[in-house]
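Colleague: Before I use the labels in this annotation, I would like to go through what they rest on. Please set each one against its cut-off.

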Amino acid sequence: KMREGRPEMQVLVDKDAAAVFDISTQSIADQIHGGIRGLRATLFRTDGKEVETITRLKAEDRQTFRDVHKMILSGQGGEPFLLEQVAKFKFEVGASEVWRKIKRRMVQVSARLGNIPLSRAAELVQKNLSRLPFYEDYFYKIGGDYDLLLRSQREMKWVGLLVVFLV
């Protein structure tokens, strides 16, 4: 069962326009994040307590998508410019959630096997996935008890050979 994604606004940076202001896409992303979500400017300590000081745009300056378009950024030289001068905006439906394993994005697909043996189910999945084109650095792996099943089958072959040899 797949959950519906959430609406999101994508900021598509024009690298040539950004170069005019001597700014990288990473720096643009950092400034947008800092303006909307905020950044910890300092940690204030008093009476054994620590209080974070967060800097971000005023609430009224970050409420609408139009506010994001008009967000003022600054390049390496400190000159201000509007985000909409270096980026286009696109509305999409984003992932409902992003799972990560060892810092890499992943998708988990689960199914009930019913009366199908795990080995047959894995064979069918691999057959169907082998027909799909995968982008570079994308791959699939059948998890769960499948690795244990393969290892057990290999060991059983050796046991079978040993039994035949000893008899």
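Modeller: Helices (H or I, at least four residues) and strands (E, at least two) are DSSP runs, numbered from the N terminus. Tyr140 lies in the loop between α4 (118-129) and α5 (146-166). This is a predicted model, in which local features need pLDDT of at least 70, side-chain atom pairs count only at pLDDT 80 or more, and totals for chains, interfaces and linings use all residues. Residues are numbered from 1 along each chain as its sequence is written, and side-chain values use heavy atoms, with hydrogens and water left out.

Colleague: Why is Tyr140 called partly exposed?

Modeller: Buried means under 20% relative accessible area, exposed over 50%, and partly exposed in between (1.4 Å probe, protein chains only). Tyr140 has 34% relative accessibility, so Tyr140 counts as partly exposed.

Colleague: Which residues make the nonpolar surface patch of about 600 Å²?

Modeller: Leu132, Phe134, Tyr135, Tyr138 and Tyr140 make the patch. Patches take residues with over 30% relative accessible area and no salt bridge; like charges are joined within 9 Å, nonpolar side chains (Val, Leu, Ile, Met, Phe, Trp, Tyr) within 5 Å.

Colleague: What makes the contact of Arg66 and Glu84 a salt bridge?

Modeller: A salt bridge is a side-chain nitrogen of Lys or Arg within 4 Å of a carboxyl oxygen of Asp or Glu. For Arg66 and Glu84 the N to O distance is 3.4 Å, so the pair meets the definition. Arg66 lies in helix α3 (residues 65-69) and Glu84 in the loop between β5 (80-82) and β6 (87-94), so the pair ties together parts 18 residues apart in sequence.

Colleague: Which residue forms a salt bridge with Glu84 at 2.6 Å?

Modeller: Lys70 does, with 2.6 Å between the closest N and O atoms. Lys70 sits in the loop between α3 and β4 (72-74), 14 residues from Glu84. Both are partly exposed, Glu84 at 26% and Lys70 at 38%.

Colleague: Where do Arg120 and Glu123 lie?

Modeller: Both are in helix α4, three residues apart, about one turn of the helix. The structure holds seven salt bridges.

Colleague: How do you know that β2 and β3 pair?

Modeller: Two strands pair if DSSP finds at least two bridges between them. Seven bridges join β2 (residues 39-46) to β3 (residues 49-55), so they pair by that definition. The strands run antiparallel, and Leu39 stands opposite Thr55 in β3.

Key. Areas by Shrake-Rupley, 256 points an atom, 1.4 Å probe, with all protein chains shown as cover.
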